[in-house]
Amino acid sequence: MNTFDFEGGITVEIEHIDGKAIVSVVDSDGDNIEISGFPSEKDAHTFVRFGDFEDSRDNDFVNITNPSYELKWKFK
């Protein structure tokens, strides 16, 4: 598991669930977002470096890299 801290109290972890990389985002209010659909851990790391987690409709990573895979946001 890899953990990253961002400004504003956001913590991001790359977890492995059933052999797949999942990005788990926890903000300072305790809200949690799980983002899945990465074909590899490398793709999940690239996504995390963009730092755009909350907007699934206008996401910087998706807009710039135009990946062939579909990411799914699950808000908890």
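Me: Where is Asn66 found in this predicted model?

Reply: Asn66 is in the loop between helix H2 (60-65) and strand E5. The structure is a predicted model.

Me: Why is Asn66 called exposed?

Reply: Its relative accessible area is 62%. Exposed means over 50%, so Asn66 is called exposed.

Me: What can be said about the phi of Asn66?

Reply: The phi of Asn66 is positive, about 45°, although this residue is not a glycine.

Me: Which loop holds Asp18?

Reply: Asp18 lies in the loop between strand E2 (10-17) and strand E3 (20-26). Asp18 is not a glycine, yet its phi is positive, near 50°.

Me: How do you know whether Asp18 is buried or exposed?

Reply: Set its value against the cut-offs. Buried means under 20% and exposed over 50%. Asp18 has a relative accessible area of 76%, so it is exposed.

Me: Why is the contact of Glu34 and Lys76 called a salt bridge?

Reply: A salt bridge needs a side-chain nitrogen of Lys or Arg within 4 Å of a carboxyl oxygen of Asp or Glu. For Glu34 and Lys76 the N to O distance is 3.0 Å, so the pair meets the definition. In general, side chains of opposite charge can pair when their charged atoms come close.

Me: What does this pair link?

Reply: The pair links distant parts of the chain. Glu34 belongs to strand E4 (residues 32-36), while Lys76 is in the segment after strand E5 (72-75); they are 42 residues apart.

Me: How many salt bridges does a search of the whole structure find?

Reply: The search finds 1 salt bridge.

Me: Is Lys76 buried or exposed?

Reply: Lys76 has a relative accessible area of 54%. The cut-off for exposed is over 50%, so Lys76 counts as exposed.

Me: What makes up the secondary structure of the protein chain?

Reply: The protein chain has 2 helices and 5 strands. Along the sequence their pattern is β-β-β-β-α-α-β.

Me: Why is the protein chain called as compact as a globular protein of that length?

Reply: Its radius of gyration is 11 Å, and the globule rule gives 11 Å for 76 residues. The two values are close, so the description applies.

Me: How much of the protein chain counts as buried?

Reply: Of its 76 residues, 33% count as buried. The cut-off behind that word is a relative accessible area under 20%.

Me: What is the accessible surface of the protein chain?

Reply: The surface comes to about 4,900 Å², and carbon and sulfur atoms account for 44% of it.

Key: Residues are numbered from 1 along each chain as its sequence is written. This is a predicted model: local features need pLDDT of at least 70, side-chain atom pairs count only at pLDDT 80 or more; totals for chains, interfaces and linings use all residues. Side-chain values use heavy atoms; hydrogens and water are left out. Helices (H or I, at least four residues) and strands (E, at least two) are DSSP runs, numbered from the N terminus. Buried means under 20% relative accessible area, exposed over 50%, partly exposed in between (1.4 Å probe, protein chains only). The radius of gyration is taken over C-alpha atoms; the globule rule is 2.2 Å times the number of residues to the power 0.38. Accessible areas come from the Shrake-Rupley method with a 1.4 Å probe; for residues, only the protein chains shown count as cover.
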